[in-house]
Amino acid sequence: GGVRVAQALQSICTLKSLDLGDNVFSQDVSSELAAAIKSNKCLELLWLQGNNLQSSAVVILEALSELSTLKVLNMNNNQIGRESGDALVSVINSNIELKELRFGNNKLGTAVTDCVFMIN
């Protein structure tokens with residue numbers, strides 16, 4: 001189900017808002033979603049909270065760092081750890097229009113503080 005949805009999203013390159021919260025994605029879905037994000041250069045609002053992304057968040061964040069249009073990103077409650085810190089910094093630096101960033105209830109620890117100091 002989730003892989004097919006993510007694949008279908010790859011053909012919609014003008015989508016501005018996407019809410020995929022609370023779906024508990026597998027690693028395969030995360031990879032396909034990253035490909036869909038790379039094909040969409042208009043995405044402004046993305047809600048991915050509650051998907052238990054864990055380490056697969058890195059591939060999504062790397063795709064988001066190729067955008068420059070993102071204004072809102074919600075990745076609360078995904079068990080995201082320190083390994084996502086560098087990718088998060090890239091997302092913040094490449095999306096100058098970013099107004100709202102939610103990473104609550106994850107496992108970033110001091111990586112969040114490190115990210116804040118590394119932002120250009």
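This is a predicted model: local features need pLDDT of at least 70, side-chain atom pairs count only at pLDDT 80 or more; totals for chains, interfaces and linings use all residues.

Biologist: Why are H2 and H3 called roughly parallel?

Modeller: Helix H2, residues 27–39, and helix H3, residues 57–64, pack at an angle of about 5°. Angles under 35 degrees count as roughly parallel, and therefore H2 and H3 get that description. Their axes lie 8 Å apart.

Biologist: Which residues make the contact between H2 and H3?

Modeller: From H2 come Ser-30, Ser-31, Leu-33, Ala-34, Ile-37 and Lys-38, and from H3 come Val-59, Ile-60, Ala-63 and Leu-64. Sorted by class, this contact has 7 nonpolar, 2 polar and 1 charged residues.

Biologist: What makes H3 a mostly covered helix?

Modeller: Of the 8 residues in H3, 6 are buried, and buried means under 20% relative accessible area. The buried ones are Ala-57, Val-58, Ile-60, Leu-61, Ala-63 and Leu-64. Their cover includes H2, strand S2 (45–47), strand S3 (72–74) and helix H4 (85–94).

Biologist: Which residues touch the most other members of the largest nonpolar core?

Modeller: That core has 31 residues, and Leu-33, Leu-46, Leu-64, Leu-73 and Met-75 touch the most other members. Helix H1 (2–9), H2, H3 and H4 are the elements that give two or more residues to this core. In soluble globular proteins, nonpolar side chains tend to be buried together.

Biologist: What does Leu-73 touch?

Modeller: Leaving out residues up to four places away in sequence, Leu-73 touches Leu-46, Leu-61, Leu-64, Val-91, Leu-98, Glu-100, Leu-101, Arg-102 and Phe-103.

Biologist: Now the asparagines. How do you know whether Asn-51 is buried or exposed?

Modeller: Asn-51 has 0% relative accessibility, and the cut-off for buried is under 20%, so Asn-51 counts as buried. This residue lies in the loop between S2 and H3.

Biologist: What surrounds Asn-51 there?

Modeller: Apart from residues up to four places away in sequence, Asn-51 touches Leu-20, Gly-21, Asp-22, Asn-23, Val-24, Phe-25, Asn-77 and Asn-78. A polar atom of the Asn-51 side chain lies 3.0 Å from the backbone oxygen of Leu-20. A polar contact needs N or O atoms within 3.5 Å, and the Leu-20 pair at 3.0 Å meets that distance.

Biologist: And why does Asn-40 count as buried?

Modeller: Asn-40 has 4% relative accessibility, and under 20% means buried. Asn-40 is in the loop between H2 and S2. The Asn-40 side chain reaches the backbone oxygen of Leu-15 at 3.0 Å, and one of its polar atoms lies 3.4 Å from the backbone oxygen of Ile-12. Beyond neighbours within four places in sequence, Asn-40 is in contact with Ile-12, Cys-13, Thr-14, Leu-15 and Leu-67.

Biologist: What makes the phi of Gln-54 worth a remark?

Modeller: Phi of Gln-54 is near 50°, a positive value in a residue other than glycine. Gln-54 sits in the loop between S2 and H3.

Biologist: Why is Gln-54 called partly exposed, but Asn-105 exposed?

Modeller: Gln-54 has 39% relative accessibility, which falls between the 20% and 50% cut-offs, so Gln-54 counts as partly exposed. Asn-105 has a relative accessible area of 59%, and over 50% means exposed. Asn-105 also has a positive phi, about 55°, although it is not a glycine. Its place is in the loop between strand S4 (100–102) and helix H5 (111–118).

How values were computed. Residues are numbered from 1 along each chain as its sequence is written. Side-chain values use heavy atoms; hydrogens and water are left out. Axes are lines fitted to C-alpha atoms, for helices over the stretch in contact, and angles run from 0 to 180 degrees between N-to-C directions. Helices (H or I, at least four residues) and strands (E, at least two) are DSSP runs, numbered from the N terminus. Angles under 35 degrees count as roughly parallel, over 145 as roughly antiparallel, 65 to 115 as roughly perpendicular and the rest as oblique. Contact means heavy atoms within 4.5 Å. Ala, Val, Leu, Ile, Met, Phe, Trp, Tyr, Cys and Pro count as nonpolar, Asp, Glu, Lys and Arg as charged, and the others, Gly among them, as polar. Buried means under 20% relative accessible area, exposed over 50%, partly exposed in between (1.4 Å probe, protein chains only). A nonpolar core is a set of buried Ala, Val, Leu, Ile, Met, Phe, Trp, Tyr and Cys residues joined through side-chain atoms within 4.5 Å. A polar contact is a pair of N or O atoms within 3.5 Å; within protein, one must be able to donate a hydrogen and the other to accept it, and residues adjacent in sequence count only if both atoms are side-chain atoms.
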